[in-house]
Amino acid sequence: MNPPPLVPYIPDNAPFSTEQRAWLNGLLAGMFSRTGAAPAAAPAARPMSPLTILFGSQTGTAEGLAKRAAKEAGKRGFAPTVLDMAQTSATKLAAEKNLLIITSTYGEGEPPDNAKALHAALHAEGAPLFAGVRYSVCALGDRNYAQFCQCGRDFDQLLHKLGATRALPHAECDVDYEEMFLKWLDASLGALGQNAAVPAAPAPAESTETSAEGLSGYSRQNPFPAPVLAVRRLSGAGSAKEVNHVEFSLEDSGLLYDVGDALGVYPQNCPELVAAVLAALQCDGEEAVPTPEGELPLRAALLKHFDLGKPAPDLLKQFTTVAAGSAVTSGQGNFLDVLDVLQAHPGRTLPPLDFVRALRKLQPRLYSIASSPAAHLGQVHLTVGAVRYESAGRPRKGVCSTFLAERAHSHGRVGVFVHRNKAFKPPVEGARAMIMVGPGTGIAPFRAFLHERRVTGATGKNWLFFGDQHAAHDYLYRDELEGFHRDGALHRLDTAFSRDQEQKIYVQHRLRDQAAEIFRWLEEGAHFYVCGDAARMAKDVDAALREIVQTEGKLSDDAAGAYLDRLRAEKRYARDVY
């Protein structure tokens with residue numbers, strides 16, 4: 001049997017306008033899909049409508065959704081082009097006709113790194129008008145953060161201000177985004193597709209790499225029950241922090257990952273918290289309630305399936321009286337968790353069925369992978385800081401971090417899946433140098449990078465900046481890192497332990513100390529990576545890097561910003577921040 005013919009495709013950089021490229025791609029798809037060869041005379045065909053799909057993505061979720069949107073759009077009469085926001089400009093977009101934007105938000109309402117330049121350009125004085133553009137925005141976010149979906153809201157408002165026409169109001173997706181995304185996509189394509197062609201033949205297949213999930217059958221919706229091999233503490237007994245190294249087996253799963261990817265982990269709630277919730281509800285936990293895996297006793301359902309953290313609006317609606325100035329509310333006036341709501345309304349209960357219907361589903365947590373598939377065959381490792389603190393007179397725990405620390409090993413197996421992050425990879429060219437800034441648990445992906453580069457024989461130089469509070473207690477993976485340094489796999493190792501001297505020293509200070517050398521590496525083609533805290537560290541490091549480029553390159557502030565934007569566009573400045 002002969003293989004199916006390849007369908008010619010007009011690339012984005014071909015010398016045609018968007019409309020011409022869309023018409024040619026639609027024509028070629030129709031000509032080749034049935035016969036595999038061009039007929040003597042092209043049939044009269046209604047041209048497919050051009051559609052540009054932009055993604056702003058920090059960890060790869062928005063990119064994956066953009067590709068899914070393109071596949072669906074191709075079935076519905078569009079000729080889609082998927083673009084990383086760093087690959088385009090405001091001027092180019094102003095010439096488009098149909099535009100879908102899918103973007104996440106990270107930190108305190110900030111755009112993802114690949115969206116920063118475009119976001120700034122649309123804000124700038126003199127931004128082009130978008131009078132001929134019809135658009136729709138899908139915003140991704142997490143309601144646990146105050147600036148929920150802010151980046152998507154920004155793009156929606158900016159385009160409207162610049163004269164573009166909304167095809168429909170923007171959508172806001174929480175971490176459980178699947179249903180909302182599909183509704184938005186269907187409505188958006190319908191609104192934009194009034195003049196779209198209905199293809200006479202199947203649209204060209206989407207050209208994407210096979211995902212790890214596709215190879216194994218295991219995914220976010222169907223996690224692999226991974227055996228827990230080890231949980232060992234990395235931080236010393238005298239540390240103010242608890243950081244654990246966690247190892248899972250992926251044997252017989254078919255799951256594949258690359259360094260730079262993340263592992264999704266399905267946690268279970270703390271049994272003590274569940275018991276307190278049941279007591280507040282005046283339930284014994286044996287009441288039957290529906291769950292994604294069928295009917296279960298309420299106790300089991302709360303342990304495995306429902307989020308007992310920040311309460312959903314549906315739950316708050318069930319309680320009309322909120323104690324003003326209550327000590328159990330956060331600075332934004334929001335309850336910290338579900339138990340806070342119940343305890344603020346003593347004597348008021350909900351039937352178990354109504355209660356679980358008012359809760360969000362318990363979502364997986366993503367952790368940067370700390371291992372190399374080439375060096376740690378059949379395994380995947382994580383570096384996890386256990387979150388513990390006290391508020392309003394009772395202890396609080398991070399759901400997944402303390403599940404891994406306290407109970408995962410005894411459970412034996414934990415549901416996991418691989419989350420691709422194509423934006424955070426070592427250089428494809430092994431001879432390229434890397435500068436890595438990973439204080440605290442931000443060391444995780446760089447441990448993976450170093451193991452991978454050593455096993456694969458990459459010749460590029462590697463420079464690591466690591467920091468934490470005390471060298472005696474918080475020097476994570478010290479033996480490994482110093483071993484890498486001794487054997488030459490790590491060419492430079494700079495550390496910053498903030499509490500080991502009177503004046504606090506952080507990684508950004510070490511960067512400034514090495515300004516000339518860092519700039520020389522960048523000018524020679526080095527890649528620059530940052531992993532860790534988004535709210536403070538990543539901002540301070542970005543400011544230090546900008547200062548280094550401005551000073552050492554003798555550039556203006558604007559030119560230094562453009563230098564960093566160019567590094568991002570070339571995938572040479574990448575951040576995995578949270």
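Biologist: Which elements do the buried residues of H8 pack against, and what makes a residue of H8 buried?

Modeller: In this predicted model, the buried residues of H8 pack against helix H9 (298-304), helix H11 (338-343), helix H12 (352-357) and strand E15 (394-397). A residue is called buried because its relative accessible area is under 20%, and within H8 (residues 271-281) this applies to Leu273, Val274, Val277, Leu278 and Leu281.

Biologist: What makes E19 and E21 the edge strands of their sheet?

Modeller: The open sheet has five strands, ordered E19-E18-E17-E20-E21, with parallel pairing. Strand E19 (492-497) and strand E21 (573-577) are its edge strands because each pairs on one side only, where pairing calls for at least two bridges between two strands. Direction ignored, neighbouring strands of this sheet are turned by 10° against each other on average.

Biologist: How do you know that E17 and E18 count as paired?

Modeller: Strand E17 (residues 434-437) and strand E18 (residues 462-468) are joined over four bridges in the parallel sense, and since the criterion is at least two bridges, they count as a pair. Met434 stands opposite Asn462 in E18.

Biologist: Which helices lie on these strands, and at what angles?

Modeller: Helix H15 (residues 444-456) lies across E17, E18 and strand E20 (527-532), and runs at about 150° to E17. Helix H19 (residues 515-523) also packs on the sheet, where it touches E17, E18, E19 and E20, and its direction makes about 135° with that of E18.

Biologist: Why are H20 and H21 called roughly perpendicular?

Modeller: Two packed helices are described by the angle between their axes and the distance between the axes. Helix H20 (residues 537-552) and helix H21 (residues 557-569) pack at about 115°, their axes being 9 Å apart. Roughly perpendicular covers angles from 65 to 115 degrees, and H20 and H21 are therefore roughly perpendicular to each other. The crossing in which H20 passes H21 is right-handed.

Biologist: Which residues of H20 and H21 meet?

Modeller: From H20, Asp542, Leu545, Arg546, Val549 and Gln550 meet Asp557, Ala560, Gly561, Tyr563, Leu564 and Arg568 of H21.

Definitions and conventions. Residues numbered from 1 in each chain as written. Predicted model: local features only at pLDDT ≥ 70, side-chain atom pairs only at ≥ 80, totals over all residues. Heavy atoms only, no water. Buried < 20%, exposed > 50% of the residue type's maximum accessible area, 1.4 Å probe, protein only. Helix = DSSP H or I, 4+ residues; strand = E, 2+ residues; numbered from the N terminus. Contact = heavy atoms within 4.5 Å. Axes fitted to C-alpha atoms, helices over the stretch in contact; angles between N-to-C directions. Parallel < 35°, antiparallel > 145°, perpendicular 65-115°, else oblique. Left-handed = near helix turned anticlockwise from the far one by under 90°.
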